[in-house]
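Hi everyone, thanks for making the time. I'd like to walk you through one model today, so let me put it on the screen.

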Amino acid sequence: MVEALLYRSDDARFYRVEITLNLFTEASVVIEWGFKGGQPCRHITCHSDLRAASTAADRYRQRALSRGYARAA
């Protein structure tokens with residue numbers, strides 16, 4: 001649905017935040033991180049509505065930006 005892809009150029013790390021709708025009419029935030037070419041780690045959180053999921057996704061994105069990640073071109 002909505003995705004933000006962030007990279008760190010110094011060590012080829014990536015961080016992906018995505019908001020999706022699941023089968024139970026909830027919104028899920030999917031976070032993946034790891035090294036380019038490697039097996040990513042994944043964390044999924046479910047939220048009751050899209051607004052709560054959007055707030056959580058923005059919080060994860062801001063945290064990654066503060067840790068040196070930049071938006072993919």
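I'll go through the strands and then the charged side chains. One thing to keep in mind is that this is a predicted model.

Let's start with the strands. β1 covers residues 2–8, and β2 covers residues 13–21. These two run antiparallel and are joined by seven bridges. Four residues sit between them in the hairpin, and there A12 takes a positive phi near 60°.

Moving along, β2 also pairs with β3, residues 27–35, again in the antiparallel sense, over nine bridges. L21 is the residue standing opposite A27 in β3. This second hairpin has five residues between its strands, and T25 in the turn shows a positive phi of about 55°.

Now let's zoom in on E3, which belongs to β1. Which residue in β2 stands opposite E3? That would be E18. Leaving out residues up to four places away in sequence, E3 touches R16, V17 and E18. With R16 there is also a polar contact between the side chains, at 2.8 Å. For a sense of distance, E3 and T55 are 52 residues apart in sequence, and their C-alpha atoms are 14 Å apart.

That brings us to the charges. How many salt bridges does a search of the whole structure find? It finds seven.

R16 forms a salt bridge with E18, where the closest N and O atoms are 2.4 Å apart. R16 meets E32 in a salt bridge too, at 3.2 Å from N to O. Since R16 lies in β2 and E32 in β3, this pair ties together parts that are 16 residues apart in sequence.

R16 has 14% relative accessibility, and because the cut-off for buried is under 20%, it counts as buried. E18 has a relative accessible area of 18%, so it is buried by that criterion as well.

If you step back, these residues belong to a network of salt bridges that links E3, R16, E18, E32 and R42.

For another salt bridge, look at R13 and D11, whose side chains meet at 2.9 Å, N to O. Here R13 counts as partly exposed, with 29% relative accessibility, and D11 is partly exposed as well, at 24%.

That's my tour, and I'm happy to take questions.

Notes:
Residues are numbered from 1 along each chain as its sequence is written. This is a predicted model: local features need pLDDT of at least 70, side-chain atom pairs count only at pLDDT 80 or more; totals for chains, interfaces and linings use all residues. Side-chain values use heavy atoms; hydrogens and water are left out. Contact means heavy atoms within 4.5 Å. A polar contact is a pair of N or O atoms within 3.5 Å; within protein, one must be able to donate a hydrogen and the other to accept it, and residues adjacent in sequence count only if both atoms are side-chain atoms. Two strands pair if DSSP finds at least two bridges between them. A salt bridge is a side-chain nitrogen of Lys or Arg within 4 Å of a carboxyl oxygen of Asp or Glu. Buried means under 20% relative accessible area, exposed over 50%, partly exposed in between (1.4 Å probe, protein chains only).
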